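Hi everyone, thanks for making time this morning. I'd like to walk you through one model, so let me put it on the screen.

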Amino acid sequence: MKIKNHIFPENNCAYYNDEMGVLLYQTDCIDFMQSLLEMYPEGIFDMIFADPPYFLSNGGTTCHSGKRVSVDKGDWDKCSDIQQVHDFNLKWLSLCQKLLKPDGTIWVTGTNHVIYSVGFAMQQLGMKILNDITWEKPNPPPNLSCRYFTHSTETIIWAGKNEKTRHRFNYDEMKQLNHGKQMKTVWTIPAPNGNEKEFGKHPTQKPIQLLDRIVLSCTLKGDWVFDPFSGSSTTGISCIKLNRYFVGCEIKKEFIQLSLKRLDAFINHKKSNLDLFEGYIHEKRG
Ligand SMILES: C[S@@+](CC[C@H](N)C(=O)[O-])C[C@H]1O[C@@H](n2cnc3c(N)ncnc32)[C@H](O)[C@@H]1O
C-alpha cells in the first residue's frame with residue numbers, strides 16, 4: 001500500500017487516508033514493527049509517541065465522580081510480574097529505536113507503575129535521554145484512602161535514537177507558546193474534556209493539547225510520526241491538525257472503532273476549515 005510515496009503493509013490496515021497521510025492498523029504493535037522493519041531496516045519515523053499499558057489493573061481502586069471504583073482498564077493492562085513487564089518494554093522500545101531515523105526522537109508517557117522500567121530500558125538500549133517532562137493534571141481525582149499524596153502527574157521521557165542523534169527542537173515555537181519565556185519541563189494541562197470524548201471514552205485517553213505540544217516541539221510539516229499504542233488515536237488527531245503524517249497501531253477493536261469516528265470527524269472538520277490549519281506549517285526536512 002502506497003501513501004505519501006512510502007510503501008506500508010496491507011495486512012490489518014483499519015484506516016487509510018492518503019490525502020492527509022494517516023494509517024491505522026488493528027494489530028499487535030510488536031508484529032507490526034517487525035514487518036515494517038523488514039521494509040525499512042534503516043528506520044522511517046521522525047518521531048514516536050508511546051503511551052504503553054501501565055499494568056495497574058490488578059485489583060486496586062480509584063475515585064471516579066466521588067465514588068470508589070476498581071482500577072480495571074481492561075485485559076491489555078493486566079500483568080503482575082515486573083520482569084515480564086520490563087521484558088515487554090525492552091522489546092517494543094528496541095523495535096521503536098530501530099524504526100527511528102538517525103535524528104529521530106521518542107516520547108514515552110507513564111505513571112510510576114511503568115515509567116522507571118521504560119527509563120531503564122532506554123538506558124540499556126543506548127538511547128539518549130533528552131528531557132523528562134512532568135505532566136501536571138490540575139484536577140486529579142481525590143485520594144480516598146487519605147494515606148498518600150493525591151496522584152496528579154505523569155512523567156513523559158523524551159529520548160533520541162542513540163548518543164549520536166542530533167535531535168530537532170523547535171525552541172522558538174515552544175517559547176512563543178510559553179508567552180515569550182523558555183518552556184520548562186513542568187507542563188500543566190487538563191485531562192481531556194467532554195468534547196474530546198464525544199465519540200466514546202478511552203480509559204487512558206490523553207489530551208490533544210498535550211500531543212500538540214509534543215508534536216510541535218520536535219517535528220516539521222510532512223514528518224512521519226508513529227504511535228504503537230494508539231488507543232483512541234489522539235496522536236493521529238494532533239498529526240492531522242499539525243500537517244504531519246501518522247501511522248498507528250491498536251490491538252483492541254473497540255478502540256479502533258472509536259479512533260475511526262474521531263479521525264473521520266476531525267478530517268471532515270479540517271477539510272471544511274482549511275484556513276484554520278495553515279498556521280501550523282514549518283518547512284519540510286531536506
Ligand atoms: C495507555 S493506552 C493509550 C491511550 C492513547 N494514548 C489515547 O490517547 O487514547 C494503551 C493502548 O495500547 C493498546 N495495546 C496494549 N497492548 C498492545 C499491543 N501489544 N499492540 C498494540 N496495542 C496495544 C491498548 O488496547 C490501549 O488502547
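Helices here are DSSP runs of H or I with at least four residues, strands are runs of E with at least two, and both are numbered from the N terminus.

Before going on, some housekeeping. This is a predicted model, where local features need pLDDT of at least 70 and side-chain atom pairs count only at pLDDT 80 or more, while totals for chains, interfaces and linings use all residues. Residues are numbered from 1 along each chain as its sequence is written, and side-chain values use heavy atoms, with hydrogens and water left out.

Back to Tyr 116. Is it buried or exposed? Tyr 116 counts as exposed, because its relative accessible area is 62%; the cut-offs are under 20% for buried, over 50% for exposed and partly exposed in between, with a 1.4 Å probe and protein chains only.

Helix α2 (residues 82–99) packs against helix α3 (residues 115–124) at an angle of about 50°, and the axes are 9 Å apart. Axes are lines fitted to C-alpha atoms, for helices over the stretch in contact, and angles run from 0 to 180 degrees between N-to-C directions. So α2 is oblique to α3; under 35 degrees would be roughly parallel, over 145 roughly antiparallel, 65 to 115 roughly perpendicular, and the rest is oblique. The crossing of α2 and α3 is right-handed, meaning that the near helix is turned clockwise from the far one by less than a right angle, with anticlockwise being left-handed. On the α2 side the contact includes Val 85, His 86 and Leu 90, and on the α3 side it includes Val 118, Phe 120 and Met 122, where contact means heavy atoms within 4.5 Å.

α5 and α6 pack at about 55°, with axes 9 Å apart, and that makes α5 oblique to α6. This crossing is right-handed. Among the residues that meet are Leu 211 and Asp 212 in α5, and Ile 237 and Lys 241 in α6.

Keep Lys 241 and Asp 212 in mind, as they also form a salt bridge, with N to O at 2.5 Å. A salt bridge here is a side-chain nitrogen of Lys or Arg within 4 Å of a carboxyl oxygen of Asp or Glu. Lys 241 lies in helix α6 (residues 234–242) and Asp 212 in helix α5, 29 residues apart. Both residues are buried.

How many salt bridges does that rule give? The count is seven. Another one joins Lys 206 to Asp 51, whose closest N and O atoms are 3.0 Å apart. Those two are 155 residues apart: Lys 206 is in the loop between β11 and α5, and Asp 51 in the loop between β5 and β6. Lys 206 and Asp 51 are both buried. Through shared partners, Asp 51, Lys 137, Glu 154 and Lys 206 form one network.

Now the sheet. Nine strands make an open sheet of mixed pairing, in the order β3-β4-β13-β12-β5-β8-β10-β9-β11; two strands pair if DSSP finds at least two bridges between them. At the edges are β3 and β11, each pairing on one side only. Neighbouring strands are turned by 15° against each other on average, direction ignored.

Strand β8 (residues 100–110) is mostly covered, with eight of its eleven residues buried. β8 runs parallel to strand β5 (residues 45–50), over five bridges, and Met 47 stands opposite Thr 105. With strand β10 (residues 153–160), β8 pairs in the antiparallel sense over six bridges. There, Gly 110 has Thr 155 as its bridge partner. Thr 155 is also the bridge partner of Thr 134, and strand β9 (residues 128–136) pairs with β10 in the antiparallel sense over eight bridges.

Finally, helix α7 (residues 253–272) packs on the sheet, touching β3, β4 and β13, and its direction makes about 165° with that of β4.

That's my tour, and I'm happy to go back to any part of it.
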